[in-house]
Amino acid sequence: MLKQRTIKKVVNATGVGVHSGSRVKLTLRPAEPNTGIVFHRVDTPEVLDFPAVADGVGDTRMASVLQNGAYRVSTVEHLMSALAGLGIDNIHIDVDAEEIPIMDGSASTFVYLLKDAGIVEQNAPKRFIRVKKVVEVSEGEGEQRKWARLEPYEGFALAFSIDFRHPAIDSTANFAEIDFAKDSYVDQIARARTFGFANEVEMLRGIGLARGGSLDNAIVLDEYRILNAEGLRYDDEFVKHKILDAIGDLYLIGHPLLARYVACKSGHGLNNKLARALLAQEDAYEIVTFEDEVGIHQAEAISRDWRLV
């Protein structure tokens, strides 16, 4: 049987919110089978729960933001991406501020935390959402058109195209594809950092965003070049970060996907729109499990990183 997973022990980390600029304490705790991924605000008068589900997303400006009334948990996508990459189904995530800490701007710190906590299988079948027909969403027209779609696929693969028309970005690859069955999320995606433009910082801070952004947690570009002295971690780090984000945004569907995701210039808003469009079409997907020996071989066909560590 291909089983659900959680972590073995509680782990903690502290950092800063990239948009709020606030110091944040993060605690990851094991959860029972079929709990799912649940964020908790522990700094509120009463602890508030934020299940990691697509229709719980209330804002997608520069991040995926879970909403519960007037309260938020922002910038969940990098942690969600790490959870998807390591195949974790059930976990409690406590946070004492409105935003998940940005750490180094990638998912690698979260991967390290999860591996440090240890990963344990649970006595319940892992549930997948298998896409049965193409679902596509788009925005804009002509050269401004952005789109994303999910296609039937026996595994999980992602292909992404970007077009920023910036000399430093254009000098790197504008397209990348990863197939979890043969490519390593941990090695090839997890270290890709978020990026931004120096000339947009003041505007973003004026609307309450990017207050904690720095060269320590993002790739920063001026009009012509990368300002980080160490350069890039991958030759195609920009487009790979967009894939990292998409993995996290899509995991808000509620279960791992059996599908191929293909997108051009997509972002958090369009990814969430795609997740909701899939769930709104009952004939477009089915929930499946692998409860016999076939499940072991299916795991190998889905992700090479789903090993107990």
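This dialogue explains how to read several features of one predicted model.

Reader: Which conventions apply to the numbering and to the predicted model?

Author: Residues are numbered from 1 along each chain as its sequence is written. The model is predicted, so local features need pLDDT of at least 70 and side-chain atom pairs count only at pLDDT 80 or more, while totals for chains, interfaces and linings use all residues, and side-chain values use heavy atoms, with hydrogens and water left out.

Reader: How is the protein chain divided into domains, and what are the bounds?

Author: Domain bounds come from an automatic or database domain assignment. Here the assignment gives domain 1 (3-126) and domain 2 (128-306). The C-alpha centres of the two domains lie 18 Å apart. Their contact (heavy atoms within 4.5 Å) takes 44 residues from domain 1 and 44 residues from domain 2.

Reader: How should I read burial along a helix, and how many residues of H1 are buried?

Author: Helices are DSSP runs of H or I with at least four residues, strands are runs of E with at least two, and both are numbered from the N terminus. A residue is buried under 20% relative accessible area, exposed over 50% and partly exposed in between, with a 1.4 Å probe and protein chains only. In H1, nine of the nine residues are buried, so the helix is largely enclosed by the rest of the structure. Among them are Glu77, Met80 and Gly85. After H1 comes Gly87, which has a positive phi, near 70°.

Reader: Which residues does Leu79 contact, apart from its neighbours within four places in sequence?

Author: Leu79 lies in helix H1 and is buried, with a relative accessible area of 0%. Apart from those neighbours, Leu79 is in contact with Leu26, Leu28, Phe39, Ile93, Ile100 and Phe110. Between Leu79 and Tyr112 there are 33 residues of sequence separation and 11 Å in space, C-alpha to C-alpha.

Reader: Which residues does UniProt list for "binding site"?

Author: UniProt positions are given in the numbering used here, with shortened feature names, and annotations may be inferred rather than shown by experiment. The unreviewed UniProt entry lists His78, His241 and Asp245 under "binding site". These residues span 168 residues in sequence, yet no two of their C-alpha atoms are more than 9.5 Å apart, so they gather at one spot. Of these residues, Asp245 is included in the lining of the second largest cavity. A cavity is a set of points on a 1 Å grid over the protein atoms alone where a 1.4 Å probe fits but cannot get out, and lining residues have an atom within 4 Å of a point.

Reader: Is His78 buried or exposed?

Author: His78 is buried, with a relative accessible area of 4%, and belongs to helix H1 (residues 77-85). Leaving aside neighbours within four places in sequence, the contacts of His78 include His241, Leu244 and Asp245.

Reader: Where is Asp245 found?

Author: Asp245 is found in helix H6 and is buried at a relative accessible area of 8%. Not counting residues up to four places away in sequence, Asp245 touches Glu77, His78 and His268.

Reader: How are aromatic pairs defined, and how many does the count give?

Author: Rings of Phe, Tyr and Trp (its six-membered ring) pair if their centres lie within 6.5 Å; planes under 30 degrees apart count as stacked, over 60 as edge-to-face and the rest as tilted. By this rule the count comes to eight aromatic pairs. One of them joins Phe164 and Phe195 edge-to-face, at 5.3 Å centre to centre and 80° between the planes. This pair links distant parts of the chain, 31 residues apart, with Phe164 in the loop between strand S14 (156-161) and helix H3 (167-170), and Phe195 in strand S16 (residues 195-197). Phe164 is partly exposed at 33% relative accessibility, whereas Phe195 is buried with a relative accessible area of 15%. The rings of Phe195 and Phe238 have centres 5.0 Å apart and planes at 90°, so this pair is edge-to-face. One aromatic cluster is formed by Phe164, Phe195, Phe197 and Phe238.

Reader: Which ring lies under the charged end of Lys126, and which under that of Lys240?

Author: A charge sits over a ring if NZ of Lys or CZ of Arg is within 6 Å of the ring centre and within 35 degrees of the ring normal. The charged end of Lys126 sits over the ring of Trp306, 4.7 Å from its centre. For Lys240, the ring is that of Tyr234, with the charged end 4.7 Å from its centre.

Conventions
On a 1 Å grid over the protein atoms alone, a cavity is a set of points where a 1.4 Å probe fits but cannot get out, and a pocket is an open set with protein on both sides within 12 Å along at least five of seven lines; lining residues have an atom within 4 Å of a point.
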